[in-house]
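Work through these exercises with the structure open. Each task is followed by its solution in steps.

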Amino acid sequence: MVFPMLSRIGCALGAGLCLTLPTHAQDGPPVSGGTAIFAVGSDPATINRNISTSTADGLVSCVVYEGLVEVRAGGVIAPLLASEWTVSDDNLVYEFTLRQANWHDGQPFTSADVKYTLEEVSAKFSSTFSITAAVISSIEAPAPDKIVVTLDQPYDPFLMSLNCTQGGAILPKHLFEGTDPATNPVSTQAPVGTGAFRFAEWRRGEYVKFERNPDYWDAGKPYLDGVIAQVLPQSSSRTQALMAGEIDYVASQIMPSSDYRMLADNPNFALIPSPVPSIDVMVVNTTRPGLDDAKVRQALMMATDRDYLLATAYQGAGAAATMPFTNRMPWAADADTDYTKLYPYDPDRAIALLDQAGLMPDADGTRLRVALGYLSDDQDGPLVATAIKSMWSKVGVDVTIAPGERAAMVPKIFVDNDYDLALVSYSSGGDPALGLARMWVSSAAGRCCGNPTGYSNPEVDQLFDQAQQAAGQQARGAIYAKVQHILGRDLPTLTLHERILSSGLTARLKGMEHEYYLPTFREAWLQD
Amino acid sequence: MQSSIPASGPDTRVRDRRLVRLLSSSVAILSFGVILVLLGCAVIGPIVYSGQELALTSASLVPPSGQSWLGTDELGRDVFVQMLFGSRTSLLVGVAAAVSATLVGIAIGAIAGFGSNRVDTVVMRVTEIFQVMPSFVLAAVIVALWGPGTMRIILIIAILSWPQTARLMRGEVLRIKSLDYVNAARCLGMTETQILWREVVPNALAPVLTVGTLIVGQAILLEAGLAFFGLTSPDVASWGKMLNSGQRFFYQGWWLSVFPGLAIFVTVLAFNLAGDKVAEIFNPRSED
Amino acid sequence: MSRLIVSRLIWVLPVVFIVLVMNFLLTRLVPGDPITALIGDFPAPPEYEARMRAEFGLDEPLWRQLLLYLWALVQGDLGYSFFNRQPVAQLLWERTLNTLLLMVPVLIISSVLGVLVGMYAAVQRSRALDVLISALSLGGKSVPIFWSGQVLIILFAVNLQWLPAQGMQSIRGVDPGWPQVWDFVAHWLMPGAIAVAFNMAIVARVARVAFKESILGDYVTTGRAAGLSQRVVLFRHVMPNAMIPIITVVGNNFSNLLTGTIMVEAVFGWPGLGQVFMTSIAQRDYPVLQGVFLLVTLVTILANLITDILYAIVDPRVRAGYARA
Amino acid sequence: METAFLDVENLGVTYRAGDRSVVAVGGVDIRIGQGESVGIVGESGSGKSTFARAIMDLLPASAQPAITGTIRLDGKDVKIADLHRVRGRDFAMVFQDPLSYLDPLMRVGDQIAEVVHVHDRKAGRDRVGELLEMVQLQRTHARFYPHELSGGMRQRVMIAMALACKARLLIADEPTTALDVTTQKEILLLIARLRRDLGMSLLLISHDLGVVSEMCERVYVMLRGKVIESGPVRDVFRTPRHDYTRALIAAGSDQAKPLPVPVHDNGPILTLRGVGKTFGSGASAFRVLDGIDLDLHQGETVALVGESGSGKSTLARVILSLIAPDQGDVTLNGQVLNKLPAAALQKARSAMYPVFQDSSEAFNPRRNIRGVLSQALDVAGVPARDAAMTALLEQVQLRPGQPYLDRFAHELSGGQRQRLAIARALATGAEVIVADEPLSGADLSIRALVVDLLRQLQADRSLAYIFITHDIWLAHSFAHRIAVMYKGRIVEEGPADAIIRHPKHDYTRKLVAAAPVLKL
């Protein structure tokens with residue numbers, strides 16, 4: 001392969017091709033000192049994950065705040081503000097022992113903070129935690145270092161929802177009590193948490209600075225003197241800043257996927273795949289004539305070359321989808337539902353299915369005219385849509401590409417269901433109950449970002465309910481397999497691509513491998 | 001010693017002389033030539049390569065070669081074919097926006113300049129309001145409002161560009177309407193409407209048309225700018241859109257953004273130069 | 001002069017009012033909802049949505065929202081950003097300052113340089129120079145800024161690593177004093193150069209023509225006939241008379257003070273008003289958008305007013321015209 | 001022969017235009033003695049201004065002039081390349097149009113001071129005041145801008161600037177052409193007085209033989225870049241040797257015999273009664289026309305004379321119904337024009353047609369002559385055939401007419417254009433022609449031609465003319481009757497000869513006295 005002028009830039013700095021991940025064996029012990037800079041896509045609105053799920057807010061929030069637990073790479077749940085916990089046999093009562101820690105303003109952290117936060121803020125303001133809050137019956141604080149949570153029904157993802165990412169970050173009661181958390185200056189101007197870094201300075205539109213918390217409960221950490229979030233709204237500029245050595249870290253949520261390959265090829269940079277499973281889905285408005293027929297949807301699936309999409313539009317990152325859910329939760333898979341066998345790329349069979357469905361070509365050779373929407377901030381959207389337009393033109397389906405801005409498109413798809421087809425992505429938080437079920441259950445219809453397809457199947461609804469309440473991965477997996485079997489035939493949604501987002505970072509920034517969805521920099525350090 | 005110098009040799013006719021001057025300027029020939037070639041590509045290219053704009057060749061991001069002259073893009077489409085289809089949109093946007101802005105500007109400027117003082121004041125205040133509105137800001141909001149689409153972008157650019165034409169037109173009409181030949185026409189019994197459109201407006205057109213060619217360039221750049229912010233329809237190929245999506249692959253495929261960038265540069269330059277030349281030649285001061 | 005200012009100021013209020021109302025309606029007509037943007041990716045309880053809507057006054061009928069907005073504005077209150085939870089005035093003030101830091105040097109340099117270059121081209125009457133200047137100034141106008149900007153970044157920041165790629169200061173921090181100034185200059189250099197090239201192109205073109213025509217003025221002949229030196233004629237007679245059309249384009253550049261850099265700010269990550277504007281559109285942050293519009297309108301009107309005043313200062317005939325009117 | 005102050009021998013100026021070169025001045029010898037006053041007369045294009053600018057080294061560089069010849073100053077040779085050193089020191093110049101020749105952006109006092117400073121670095125601010133007084137302005141005028149001064153005052157400022165140079169030779173290039181006769185008189189007197197007081201030499205360039213005969217001792221007559229005749233003024237003008245000089249003198253001297261006032265069988269074709277017009281309103285209201293009564297009969301010429309600002313041109317516009325009068329009536333062929341509805345007016349006024357002062361603005365630049373004439377013929381209802389148009393062109397001495405049809409008005413010379421304007425008026429079948437200063441910019445020879453043409457057409461077609469002019473000698477020779485306008489009123493009206501020979505009104509008397517005439 002001939003490397004053109006511009007891609008050689010990286011290679012000039014080191015060897016040619018190199019591995020994606022830095023190998024840990026070469027790293028020495030962590031070194032203290034230095035400041036790491038990471039990118040955010042826009043100015044944060046609030047530094048409080050519990051009242052906002054926007055990406056920019058999230059990227060800075062979990063640097064300051066901590067949940068009772070943390071989720072480490074691979075979905076392992078580890079103690080954080082809670083040093084240990086016990087679960088009752090009926091999976092209803094959780095008893096946590098809290099660590100000795102202080103707020104950044106010097107006040108001690110106690111169980112009162114936990115009770116206040118979960119009841120008064122997370123349950124009421126967090127769009128993610130509020131799902132969990134619905135199954136909580138009571139929260140008790142019997143001692144300053146003890147907290148007891150009782151659930152109405154077993155809820156497997158409960159522990160996971162207690163981390164910062166899910167809106168379970170613990171806030172200082174003494175600063176929030178009696179105020180509106182949304183407008184409290186602690187949220188909007190100067191956060192006070194327990195995390196490894198404390199807030200230092202915020203220049204709107206430029207950066208938010210955090211400095212090392214000298215009083216951190218985990219003695220010896222953090223290694224860095226500080227971290228800074230720099231506002232870089234253009235996606236291309238983030239990579240440029242990274243390559244120019246101005247920033248050290250671009251989180252997976254805002255790292256342009258088109259630049260993965262380039263970073264992978266350069267030994268001065270590294271990529272860390274995000275642990276959060278995420279799928280790219282084409283949602284279908286099944287109330288539209290033509291699209292209301294499962295045969296047509298199956299035909300569209302067979303007219304779509306998902307491997308080609310992977311190689312081109314997705315730049316080879318991730319994997320082609322093989323089932324309605326994500327391939328990365330094998331315990332929930334159905335052996336019988338494999339898209340490579342059910343719906344291989346085969347335009348001829350697609351045409352045959354369209355014939356069967358009664359969609360005959362008109363004078364132009366067109367059988368069906370549809371509009372395909374996507375969110376204009378989705379980097380891959382135009383590529384995927386354009387490629388699909390090309391592919392489908394071979395089976396007589398004429399596609400009009402109709403992107404829209406997030407603010408306009410989201411209500412159009414999810415609230416008004418005013419669309420034909422749309423490209424969206426769902427991320428699951430590691431459990432189908434967290435983030436995937438909403439795509440198909442009837443109860444999630446009519447609001448963002450639930451079920452926009454008009455597909456309503458009582459059997460599916462019932463199975464998802466059962467799966468959420470069942471105990472143990474094996475029992476739940478069996479129920480999810482049943483659901484996937486149905487969804488794989490009905491195809492209210494066409495799952496196209498298994499997305500593996502990656503964070504990009506300079507090779508000298510170490511200790512980021514264990515970070516979950518939102519960065520904390522707890523264990524990060526800079527190699528000389 | 002005076003009078004009857006009959007002579008009607010071709011070199012004495014002002015019109016012909018202007019044409020000769022235009023044709024004797026290498027810059028003018030070059031810029032008009034480029035414009036003609038581009039228009040030719042925009043018209044003929046998509047016919048020759050009909051249906052191939054959607055064709056996905058097997059390999060993506062192939063550098064320019066004998067096979068595909070300008071390489072292939074991230075989806076494996078031929079960049080050259082895309083450029084041909086893109087030229088249609090970009091030139092259509094540029095030319096159509098300029099034409100409509102110029103027409104609106106001419107009409108409004110003519111009415112303001114020829115009408116009574118009161119009409120003039122009202123029309124010019126309205127124009128001022130449009131001029132006070134920040135153009136790119138307004139364009140972005142309107143695209144967000146209506147969604148992208150070639151027709152809409154043409155409309156937006158036209159809405160934003162007409163005031164400059166209108167102001168220029170008004171000035172010219174004000175100047176011309178005080179010339180005696182207008183009174184001469186009035187004494188021939190022509191109505192005011194006839195005088196405006198037959199006697200005044202045609203003579204006010206030269207500078208306005210020059211600005212028109214500049215609007216073509218502005219429009220192409222504005223379209224590219226909207227594309228840069230993802231505010232244009234991806235359904236239709238345009239140079240701006242190619243440039244924008246090509247930016248993402250600056251490192252892997254320089255040809256994706258360099259060729260559309262060059263195309264925009266050359267086109268805008270050609271229109272600007274052509275406008276300059278026409279202005280220079282029709283400016284009475286440039287004739288000694 | 002005061003008559004001129006008064007006669008112009010009389011128009012400011014109605015124009016601003018119409019622009020405000022148009023902008024208000026325009027922003028509200030845009031489909032989409034700030035609440036959706038605010039809530040993020042996960043389904044939120046409907047009560048929460050309703051609460052937010054009420055908090056922002058979005059549950060009121062449109063005409064009442066407009067009246068409330070105008071009433072607040074009369075009291076000097078620009079409103080409160082939905083998204084940043086910050087007074088709009090404060091938010092815009094900080095960003096406007098950043099944009100001014102970028103643009104004021106740009107406009108000054110481009111105006112002075114443009115006039116000098118245009119003058120040089122006109123006075124020298126050198127064909128090669130003329131062609132070169134025309135080419136450069138046309139070139140400055142013919143390249144999409146976002147493209148040339150990227151090329152510069154890749155060349156000078158990524159490849160050569162001479163200049164910083166993004167932002168307006170090194171956020172790792174530099175020593176106060178001169179190092180800080182140099183740091184700013186280094187950050188300013190690329191976006192500044194691009195903006196200078198763009199603005200200068202227009203000034204140089206107009207200046208060239210203006211000087212060419214002014215040099216042909218009869219008053220130049222008078223000056224020469226009376227034995228004035230070339231230099232005196234050039235600077236005391238040719239230059240002032242050439243300034244009149246130049247004032248127009250420089251004024252026009254200044255009226256784009258705040259919006260002329262949206263593209264540059266985006267490419268170079270300059271934390272200015274253009275960025276606020278683009279994010280506010282995406283977030284449907286109506287109060288901020290309205291604030292930006294108001295600010296931009298006022299700046300445009302102010303620039304136009306200053307242009308008119310400058311005309312009157314330079315040209316006594318214009319002054320006389322206003323005195324009579 | 002004593003050493004002349006300035007002795008120019010065989011001066012030639014050649015312009016280069018592309019590959020061609022044009023000889024503007026071809027070998028001119030001119031001598032000016034110390035304190036002598038010399039005139040150069042000739043028509044536009046004769047090279048007289050080029051000559052003056054050549055010795056000042058003021059020719060536009062863009063025309064790439066090549067100057068040859070010898071110039072001696074006080075008997076010493078001055079190299080052509082060194083002429084710019086002489087300029088402003090030994091020679092000073094005053095130009096025709098003082099408005100455009102003064103910097104519009106600078107107070108006149110500062111402009112004078114600038115020149116003073118160049119020539120005398122020690123001179124104080126007071127010198128500007130002195131100079132202003134010398135040219136009969138007030139010291140306070142220093143604070144004025146050019147546009148705030150009248151034409152005569154501006155010309156005084158120009159003279160003051162010339163005086164500031166302390167030059168020994170004042171070159172005046174048509175210094176009074178743009179001024180009214182009374183102002184012209186004052187300026188000429190001023191120049192004469194200053195010359196006498198300061199002992200300056202004068203080189204006066206003019207197309208007006210009357211002016212030269214009053215101001216100069218010797219005269220040079222130039223034609224097509226050459227001096228064809230020279231000598232003491234009296235000799236040259238009394239006994240011209242060259243045909244061209246004779247023609248100039250014939251056109252410029254007052255030899256007109258009074259025209260008989262025609263006898264009218266019918267009533268007047270055009271009547272004005274109590275016509276008034278006010279521009280503006282309130283405090284700034286300005287009464288332009290006040291109680292104008294005027295009759296015009298078939299076959300008759302009425303000349304309107306008066307200074308600029310007297311309301312002549314406004315009256316012409318009112319007559320043509322281009323502007324409506326506030327009071328009074330304009331009656332044409334029995335129809336009261338200002339009371340007709342628009343549609344009827346269009347028809348009624350076709351019996352009348354204008355010929356304008358500036359013929360370069362009188363034609364739509366996009367119409368060729370065929371278009372111009374066919375438009376006019378349409379009004380008369382005559383089919384627009386080439387033959388009819390050619391005949392019209394030949395009637396106005398544009399012959400052969402055919403080749404003109406495809407050309408454009410701006411390709412013609414001024415005189416040709418003015419004749420085309422007359423042809424257009426004829427084409428409309430107009431009985432009344434309103435001519436507003438149709439000859440003011442024209443050279444004497446062209447004036448003669450057009451005047452003859454108008455006379456002949458009047459004889460052939462019984463046309464009636466309203467003829468507006470500031471030149472009372474022209475009015476005298478051309479019109480049957482003269483109406484003198486002053487401040488919006490007709491102050492005196494009657495047979496042409498009676499008005500000129502025996503003016504009754506003070507203003508008329510002043511006008512006649514001020515008008516330069518070639519006295520032989």
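A nonpolar core is a set of buried Ala, Val, Leu, Ile, Met, Phe, Trp, Tyr and Cys residues joined through side-chain atoms within 4.5 Å. Buried means under 20% relative accessible area, exposed over 50%, and partly exposed in between (1.4 Å probe, protein chains only). The model is predicted: local features need pLDDT of at least 70, side-chain atom pairs count only at pLDDT 80 or more, and totals for chains, interfaces and linings use all residues. Residues are numbered from 1 along each chain as its sequence is written, chains are lettered from A and ligands numbered from 1 in the order in which they are written, and side-chain values use heavy atoms, without hydrogens and water.

**Exercise 1.** Find how many residues the largest nonpolar core has.

Step 1. The largest core has 253 residues. Step 2. Those with the most contacts inside it include A:F38 and A:W392. Step 3. Apart from this core lies another, of 105 residues, with D:Y101 and D:L444 among them.

**Exercise 2.** Classify the ring pairs of B:W254 with B:W255 and with B:F259.

Step 1. Rings of Phe, Tyr and Trp (its six-membered ring) pair if their centres lie within 6.5 Å; planes under 30 degrees apart are stacked, over 60 edge-to-face, the rest tilted. Step 2. B:W254 and B:W255 are 5.7 Å apart, centre to centre, with 85 degrees between the planes: edge-to-face. Step 3. B:W254 is partly exposed at 23% relative accessible area, whereas B:W255 is buried at 0%. Step 4. B:W254 and B:F259 are tilted, at 6.0 Å centre to centre and 50 degrees between the planes. B:F259 is buried, at 19%.
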